[in-house]
Amino acid sequence: CALARAGKPPVIQQSVAMRCVLVPVAFASVLRGANDNVVVDTTAAQQFTFLRSSANATGGPPDCGDKYDKLPDFTKEYGATLSNTVCTHPGYKSSCQVFDETLQCWFRKMVTGQCDDLPSMFKQRNEKLVKDCKNPDTDHLDIWMNHFTDAEKGYWRNNFKAQADESKLFDTMNKLIPKQLLCATLHIVDDKCVKYDSVRTQEAR
């Protein structure tokens, strides 16, 4: 797994690192009884739950900013729309469900700090962003290279990445749903961090 980090961009761990995380889960998918005769196959959802529990077991808790009752009323409604908006690829819904609370933790952290006053780029990129986020042929590096501004990259490194280095929960989410996480981050910025009760999407024509 150390090789997965060597020479890679600081944005997100590459697919090699994702395999480092998923391989132990694959082994954990078969649980043998004490007499080695009973075999129980776990579901994908159970695997992700196992992984999330493992992530919680080490590292400190992430800084989630203010709780929803300290944020504007519509903020909680917006947070509830994040997973459904960015988790559209086949096979990712169960992982997004497992990390929905963690994604909303990052969302609350962003809103509490008002995204460090990053300007909304909704008019300039929303159509293409929505298209790329829904396209299963694009990955997290496409989102990073083609949609993040230099200021947004700096914000990501100083806020999320800095926390992921300390919080295994953030780090694991970063490895398992990197594209969905980046898409959610840009939607939050473009929705003025936030001034709406749901994610704004404008389909590309």
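**Exercise 1. Two residues after helix 11**

Task: Find where V194 sits in the chain, and describe the peptide bond that joins C193 and V194.

Solution: Keep in mind that this model is predicted.
- Step 1. The peptide bond joining C193 and V194 is cis, with omega about -25°.
- Step 2. Now look at the backbone of C193: its phi is near 55°, a positive value in a residue other than glycine.
- Step 3. Is C193 buried or exposed? Buried means under 20% relative accessible area; C193 has 3% relative accessibility, so it counts as buried.

**Exercise 2. Helix 6 and its partner**

Task: Check the span of helix 6, then describe how helix 6 packs with helix 10.

Solution: 
- Step 1. Helix 6 has 13 residues, which should span 18 Å at 1.5 Å a residue; the end C-alpha atoms are 18 Å apart, so the two agree.
- Step 2. Two packed helices are described by the angle between their axes and the distance between the axes.
- Step 3. For helix 6 and helix 10 the angle is about 105° and the axes are 10 Å apart. That makes helix 6 roughly perpendicular to helix 10.
- Step 4. Helix 6 makes this contact through T102, L103, C105 and W106, and helix 10 through L169, F170 and M173.
- Step 5. The buried residues of helix 6 include T102, L103, C105 and W106.

**Exercise 3. Helix 9**

Task: Where does helix 9 bend, and what covers its buried residues?

Solution: 
- Step 1. Helix 9 runs over residues 150–164 and reaches 20 Å from its first C-alpha to its last, close to the expected 21 Å.
- Step 2. The bend is at R157 and comes to about 35°.
- Step 3. Among the buried residues of helix 9 are Y155, W156 and F160.
- Step 4. The cover over the buried residues of helix 9 includes helix 6, helix 7, helix 8, helix 10 and helix 11.

Note on methods
Residues are numbered from 1 along each chain as its sequence is written. This is a predicted model: local features need pLDDT of at least 70, side-chain atom pairs count only at pLDDT 80 or more; totals for chains, interfaces and linings use all residues. Side-chain values use heavy atoms; hydrogens and water are left out. Helices (H or I, at least four residues) and strands (E, at least two) are DSSP runs, numbered from the N terminus. The expected span of a helix is 1.5 Å times one less than its number of residues. The bend at a residue is the angle between axes fitted to the seven residues ending there and the seven starting there. Buried means under 20% relative accessible area, exposed over 50%, partly exposed in between (1.4 Å probe, protein chains only). Contact means heavy atoms within 4.5 Å. Axes are lines fitted to C-alpha atoms, for helices over the stretch in contact, and angles run from 0 to 180 degrees between N-to-C directions. Angles under 35 degrees count as roughly parallel, over 145 as roughly antiparallel, 65 to 115 as roughly perpendicular and the rest as oblique.
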